[in-house]
2 protein chains.
Amino acid sequence: MDVVQEVLLAEERIRPHIRLTYLEPSPFFSAISGANVYLKCENLQHTGSFKARGALSKLLSLSEAERDRGVVTASTGNHGAAVAFALSRLKANGTVYVPHQSASSKVEAIRRLGARVKFFGQDSVEAEAHARQVATDRGLTYISPYNDPQIIGGQGTIGLELSEQLDPVDAVFVAVGGGGLIAGVAGYLKSLDPGVQIIGCSPENSKVMMQSVRAGKILDLPSQPTLSDGTAGGVEAGSITFELCRDLVDDFVAVSEEEIRQAFRQFLPAQHMLIEGSAAVPLAALLKLPEPYQGRNVVVVLCGANIDSGTLAAIVGSNS
Amino acid sequence: MDVVQEVLLAEERIRPHIRLTYLEPSPFFSAISGANVYLKCENLQHTGSFKARGALSKLLSLSEAERDRGVVTASTGNHGAAVAFALSRLKANGTVYVPHQSASSKVEAIRRLGARVKFFGQDSVEAEAHARQVATDRGLTYISPYNDPQIIGGQGTIGLELSEQLDPVDAVFVAVGGGGLIAGVAGYLKSLDPGVQIIGCSPENSKVMMQSVRAGKILDLPSQPTLSDGTAGGVEAGSITFELCRDLVDDFVAVSEEEIRQAFRQFLPAQHMLIEGSAAVPLAALLKLPEPYQGRNVVVVLCGANIDSGTLAAIVGSNS
């Protein structure tokens with residue numbers, strides 16, 4: 001796929017509906033890392049995550065007939081909320097499938113944003129398989145969280161904003177799950193400056209894209225639980241994000257749960273904003289390996305702010 | 001004082017330095033209150049509080065000679081951080097006095113923002129008295145947190161932004177401590193529409209302005225500890241905010257610590273942003289008395305986001 005073209009098309013479609021998020025200089029993280037650190041505040045994007053960009057991009061790329069028939073997806077997380085937000089914003093119809101045991105707070109959030117929620121299966125794999133089946137059976141559009149050119153184009157509008165907010169951008173630290181965010185951002189920024197360093201960041205407990213790129217093919221690997229639930233899980237077989245990550249990501253860094261926790265705990269009082277675990281991952285990666293970036297303009301993408309109160313209390317209340 | 005004129009002058013001075021903060025519609029709080037609730041996100045203002053507006057307004061109102069001689073203030077909280085930020089932004093000199101037992105995290109935050117910190121006295125009253133004395137002795141400018149026309153004008157630029165972001169504004173809920181924020185916002189908005197309802201909100205544990213207005217004079221009353229530390233404390237004798245609050249505030253609402261805690265706990269998962277206790281006060285007030293605002297456009301000013309991790313953990317981790 002042509003990432004730059006998809007980003008530009010997405011930008012046209014979604015700009016009236018999304019937030020140009022702040023790029024916040026961080027004296028605190030600059031002081032402790034030695035880099036000139038800038039925080040891209042997608043934690044303040046509508047729905048509290050960058051996923052609103054991709055969901056809007058996809059929905060707006062459909063024909064009126066396709067939108068009228070309706071869309072389906074499966075997610076209790078940021079993707080589900082983003083699709084629900086996009087549906088409500090565009091007054092379109094859609095259904096978000098969630099597994100039976102989903103937390104009621106997450107289900108309510110998706111309902112409140114305006115989507116129909118249906119329960120199916122015992123986990124997210126079963127809910128997703130069912131959503132795809134429903135789409136096939138009824139001629140509806142299934143919306144993938146990352147394996148889709150229009151989704152990648154939408155996430156890549158972050159790169160477009162960065163290119164207008166900072167000059168030069170020397171390096172960008174991005175959390176990697178399925179790879180849609182980093183593929184879009186890297187594809188766009190590297191077209192302007194091939195020298196920009198793109199660092200993919202994952203938790204040690206779930207780093208399937210990193211392992212896949214190193215193996216040269218998509219691997220089917222298990223994940224351990226992680227504070228970075230927003231990036232956790234495998235990479236879909238045949239995902240178009242694999243080749244993009246292989247070709248565009250300069251380096252991968254994996255961080256431990258303790259490193260994520262420490263970065264999160266430092267972030268909160270210094271930046272007085274809420275983030276979720278996955279947003280602390282690229283921050284932890286920069287703090288772990290800051291040497292190459294001394295005096296350079298480094299962007300850390302704060303990809304989301306959806307953290308449940310129990311996890312938040314456990315992180316900020318611990319004294320480790 | 002002429003609030004409108006001070007707001008317009010402040011607007012001229014500070015606009016390049018401050019953030020036009022988001023006005024975020026809240027489907028969640030709209031649903032549970034019955035009002036059309038909009039959140040004014042001063043929690044996302046530079047330094048994490050609206051106080052940056054007033055501090056910049058005051059510093060920029062000084063002559064070059066006055067700024068070169070330097071300014072002093074006393075505060076470990078949002079006002080201290082705001083003055084430090086303004087000093088750094090304007091490359092000016094100044095000292096922030098703090099009591100000896102101040103939390104090191106707060107002191108470091110003020111230092112990191114670029115101000116000199118000096119320790120004096122055992123509590124904020126002693127630190128403030130000393131700062132004023134130093135100002136008098138050395139011909140420096142003392143910067144009051146609220147008893148100052150330029151400070152009130154600066155905070156009032158929030159009203160100016162609101163008038164451009166929402167039409168009509170039917171009611172505004174604002175936390176009240178010294179009264180600088182509500183005086184500026186109310187003075188500006190009432191000049192455009194005398195019918196806008198301005199609701200002053202304070203914790204039961206510290207509601208000196210409310211009690212003073214009801215008594216018809218500034219009272220010297222004790223305060224109990226409160227989650228709303230940003231508004232806690234007395235009102236300075238002779239403060240110009242007293243008459244402004246008396247004349248401009250339509251109603252006062254006091255909320256209990258439990259009501260503040262509940263509002264805070266509802267806010268976090270629904271809005272995925274960080275706030276401090278004082279920002280939960282006007283939210284709690286709306287949720288306590290929503291009847292007059294059914295179907296009306298109600299703004300809740302989220303005045304700040306500076307909460308220490310221990311307090312945050314205690315609020316979000318409790319199951320009450």
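Tutor: What follows looks at the contact between the chains, and then at a helix pair inside one of them.

This is a predicted model, in which local features need pLDDT of at least 70 and side-chain atom pairs count only at pLDDT 80 or more, while totals for chains, interfaces and linings use all residues. Residues are numbered from 1 along each chain as its sequence is written, and chains are lettered from A, with ligands numbered from 1, in the order in which they are written.

The same surface serves both of them, since 100% of the contact residues of chain A recur in chain B; residues are in contact if their C-beta atoms, placed from the backbone, lie within 7 Å.

To this contact chain A brings 20 residues and chain B brings 21 residues. On the side of chain A that touches chain B, at least two residues each come from helix H2 (27-33), helix H6 (104-113), helix H12 (257-271) and helix H14 (309-317) of chain A, where helices are DSSP runs of H or I with at least four residues, numbered from the N terminus. H14(A) gives the most to that side, with 5 residues. By class, the side of chain A that touches chain B holds 11 nonpolar, 6 polar and 3 charged residues; Ala, Val, Leu, Ile, Met, Phe, Trp, Tyr, Cys and Pro count as nonpolar, Asp, Glu, Lys and Arg as charged, and the others, Gly among them, as polar.

Within chain A, the axes of helix H9 (residues 180-192) and helix H11 (residues 241-248) come within 9 Å and cross at roughly 50°, the axes being lines fitted to C-alpha atoms over the stretch in contact, with angles from 0 to 180 degrees between N-to-C directions. H9(A) is thus oblique to H11(A), a term for angles that are not under 35 degrees (roughly parallel), over 145 (roughly antiparallel) or 65 to 115 (roughly perpendicular). Among the residues making this contact are A:Ala183 and A:Ala186 of H9(A) and A:Leu244 and A:Leu248 of H11(A). Its residues divide into 6 nonpolar, 3 polar and 1 charged.

Methods
Contact = placed C-beta atoms within 7 Å.
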